[in-house]
Amino acid sequence: MKFTLSWLKDHLETDASLEEITETLTDIGLEVEEVEDRASRLAEFTLGKVVSADPHPDADRLRVCQVETDEGVKQIICGAPNARAGITVVIAKPGVYVPGIDTTIGVGKIRGVESFGMMASERELELSDEHTGIIELPSGEVGDRFIDWLAANDPSKVDPAIEIAITPNRQDALGVHGIARDLAARGLGTLKPYEVKPVAGGFPSPIGVSIDADTLNDCPHFAGRVIRGVKNGPSPDWMQDRLRAIGLRPISALVDVTNYFTHDLNRPLHVFDVDKVKGDLRVHRAKGGETLMALDDKEYTFLPEQLVISDDHGAESIGGVMGGAETGCTAETVNVFVESAWWDTIRTAYTGRDLKINSDARYRFERGVDPEFTRPGLEAATKMILELCGGEASEIAEAGAPIETARSYPLDTKRVQSLVGMTIPKADQIASLTALGFSATGTGDVLEVWVPSWRLDIQGEADLVEEVARMASLTKLEPQPMRRAKPGVPEPVLTPMQLRERTARRTMAALGYNECVTYSFIDRDSAALFGGGDDGSMLDNPISSEMNHMRPALLPGLLQAAARNQARGRMDLALFEIGAAFHGGEPGEQHLLATGLLIGGSGPRDPYGARRPVDVYDVKADAEAVLAAMGAPAKVQILRGAREWWHPGRHGMICLGPTKVLGVFGEIHPKILAAMDVKGPAMGFTLWPEEIPMPRSKGASRGAVEIADLQAVERDFAFVVDADVEALNLVNAAAGADKALIEEVRVFDEFIGGSLGEGKKSIALTVRMQPTDKTLTEDEIEAVGAKIVEKVGKVTGGVLRG
């Protein structure tokens, strides 16, 4: 919604400055989007006086003018027929930008004669469409700024234009009068009364109007009257100035009046050329297939149920949206029918959307126009047309009646405190509502508030509270701390599992992984590769054929993301995701996973050859780092036996025992990579945060660091085992010989063949024993060594190497 300051002051008696007005508009919910200072583009134009105007030596229509300016007498070539000595003109010096022709003036030669500027016309300064000659001013001194002259003599030409954003519920602010009402209610001035006096008709309307019975719900009221003997010339300058200021092009007095009322009073109108209308006008629903050439010179084909105004010839107007070109007014029009109707908001929106028409009428009717102003709007428009165009008005032809809008809602004056948090006296609440057009009755705390017909958006007590708060200004709302539900230190907002999830996310990001957020739905084939794809996890109504199953793991989504990145040349990838995977279709059949994926090199290429392909040990280290950050115990076991999508010989399960699995790391099976079109090898890990035991202490503080004050003892063991025995089995067996005393077991050597014979190998271990209560004796160390040899032999069949 756009309007000028002087236009606003036609409805609002105020001494407020432009800045105060714009700040108040935003404060009451009518956000100012732009203030157009129309004078700024004319700031560099000055006044000059033509001293002489001699014919151009080489052009019949050009004159060589000597013009007195604030910089002395300048020579300017001009082709305007009114260029002559003695007139005061508007000068554009070299370097000045002329908005009407989008040109910056320079010094140039015209037919061999130099010109040092330009004398401007009104169209070149975007003041009007007049361009038959240059501007002649009746007064003014040489060197004065043109905008200063305009401000003193024709202020409408430099009137500031204000554009505000209108929310869908504020249809009453789509007219300048409604905006003035809001400002007056805030106390920024006094709303000028607007009275509409009926215009007596001199003869019966030769055009009748009717509404089909099945159309009354969407067009309950239709009124109009004939005005004969009008003269449709240009509209007055003040009206043209205002229409141009808001971006509309003046067309003719009759059309400009309808546009003016649309923006001034939020009352869209339409005028028909009576001599082109065949018979009476009828409002009805389209059957479908009818066509109309509209005022925008486009032909539209109606759909069934769309509202149409027709005469005996056919469709002549699109109800609530746009009129037709065939019965539109022209300069030759002498008899008009002025139409004012009320159209349903929903039906108008559907019609405009289906026909892809955006018009000022549609914009207002689909938001809501005052139904009780249909006939008064017609009377006001009639009065203005008679004043501007002359003629004689007929009696009003009318069909239907305004819809019933009278309604009231109770308002508890104490409700403002609970809903808004502001204390507003009852008298102030009544005053604000009254200024906005409401009426309130009642003696106690509860008022009965009647809603004006132009406020279709008010539907209950909460809306009334909002109106009161708007007028009181929400900027006065003082922040108040929320009361605590319980005294003392509040409990943590995040649950322990949410904290664990956040820690895992931050740790993986710190390790250099990029987070992915993939769909929880995947295709059946991908789900089947990871142990899913059964009927229990199938969706009844999938959004696509590639998203018909719940994901059984996070790896499928990460691998699909990796494939898309590889297809675009991104070969080094470090991706992770934390989210739910599903082992069934019932509520609760899901589990939290944290999954990472590494593909490509360990780093960028460098001259030192440090880059290498990622391997199992990279993801093992990352998995252990994430587990440690989430609070997993430091002592864990690495076991085999993961699911089939892991490489059978290049993976490990991180366990706290044979059945307590915290995570899996390793290489993704090549068959899986081939099925998902991923170029490998690919390394990954999957962790189960919910399987990590919760700490015994729920406090935020950490326990004291325990540092052993006794010397640790290390012993080396070399075991001969079968060649197919994994070193991991020896490490786990040795560590389990005495869990309290043995702190660490490491592999430091492997020997195959030689004197050991065919099918044998030697694995050397270092076992570190850390006492806590006393220094170990030699006998105690030997006893632990015997346990290690016994346990390794029992688990792996290994014997000490001689």
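This is a short talk about the overall form of one predicted protein model and about several of its residues.

Let me begin with the ground rules: the model is predicted, so local features need a pLDDT of at least 70 and side-chain atom pairs count only at pLDDT 80 or more, while totals for chains, interfaces and linings use all residues. Residues are numbered from 1 along each chain as its sequence is written, and side-chain values use heavy atoms, with hydrogens and water left out.

I will take the whole protein to start with. The protein holds 19 helices and 42 strands, where helices (H or I, at least four residues) and strands (E, at least two) are DSSP runs numbered from the N terminus. Its radius of gyration is 43 Å, well over the 28 Å that the globule rule gives for 802 residues, so the protein is more spread out than a compact globule; that radius is taken over C-alpha atoms, and the rule is 2.2 Å times the number of residues to the power 0.38. Along the principal axes, the C-alpha atoms fill a box of roughly 130 × 80 × 60 Å.

Of the 802 residues, 47% count as buried, and here buried means under 20% relative accessible area, exposed means over 50%, and partly exposed lies in between, with a 1.4 Å probe and protein chains only. Contact means heavy atoms within 4.5 Å, and among contacts between residues at least 6 apart in sequence, 68% join residues at least 24 apart. The accessible surface comes to about 40400 Å², of which 50% belongs to carbon and sulfur atoms; these areas come from the Shrake-Rupley method with a 1.4 Å probe. As for charge, there are 85 positive and 121 negative side chains, and the centres of the two sets lie 5 Å apart, with Lys and Arg counted as positive, Asp and Glu as negative, and His and the chain ends not counted. The place of each charge is taken as NZ of Lys, CZ of Arg, CG of Asp or CD of Glu.

Now to the region around histidine 549, which lies in strand β32. Is histidine 549 buried or exposed? At 0% relative accessibility, histidine 549 counts as buried, and, not counting residues up to four places away in sequence, it touches a set of residues that includes Ser520, Phe521, Ala527, Gly533 and Met538. The side chain of histidine 549 also reaches the backbone oxygen of glycine 533 at 3.4 Å, a polar contact, that is, a pair of N or O atoms within 3.5 Å; within protein, one must be able to donate a hydrogen and the other to accept it, and residues adjacent in sequence count only if both atoms are side-chain atoms.

In the loop between α14 (524–529) and β32 (549–550) we find isoleucine 543, which is exposed, with a relative accessible area of 63%. Isoleucine 543 is 22 residues from phenylalanine 521 in sequence, and their C-alpha atoms are 9.2 Å apart in space.

Moving on to arginine 362, its place is in helix α8 (residues 360–365), and at 10% relative accessibility it counts as buried. What joins the side chains of arginine 362 and asparagine 358? The two are joined by a polar contact of 2.9 Å. Arginine 362 and glycine 320 are 42 residues apart along the chain, with their C-alpha atoms separated by 5.8 Å, and glycine 320 is one of the residues in contact with arginine 362 once neighbours within four places in sequence are left aside.

Two helices also deserve a word. In helix α18 (residues 727–735), Leu730, Val731, Asn732, Ala733 and Ala734 are buried, and what covers them includes β35 (637–639), β39 (713–722), β40 (742–752), β41 (760–769) and α19 (778–796). Threonine 22, in helix α2 (residues 18–27), counts as buried at 13% relative accessibility, and beyond its neighbours within four places in sequence it is in contact with Val32, Val35 and Ile162.

I will finish with backbone geometry. Aspartate 102 has a positive phi of about 50° although it is not a glycine, and aspartate 297 has a positive phi of about 65°, again without being a glycine. Aspartate 102 sits in the loop between β8 (97–98) and β9 (103–104), and aspartate 297 in the loop between β19 (291–293) and β20 (299–301). Aspartate 102 counts as exposed at 57% relative accessibility, as does aspartate 297 at 62%. Lastly, glycine 680 and proline 681 are joined by a cis peptide bond, with omega about 0°, and proline 681 is found in the loop between α17 (670–675) and β38 (682–687).
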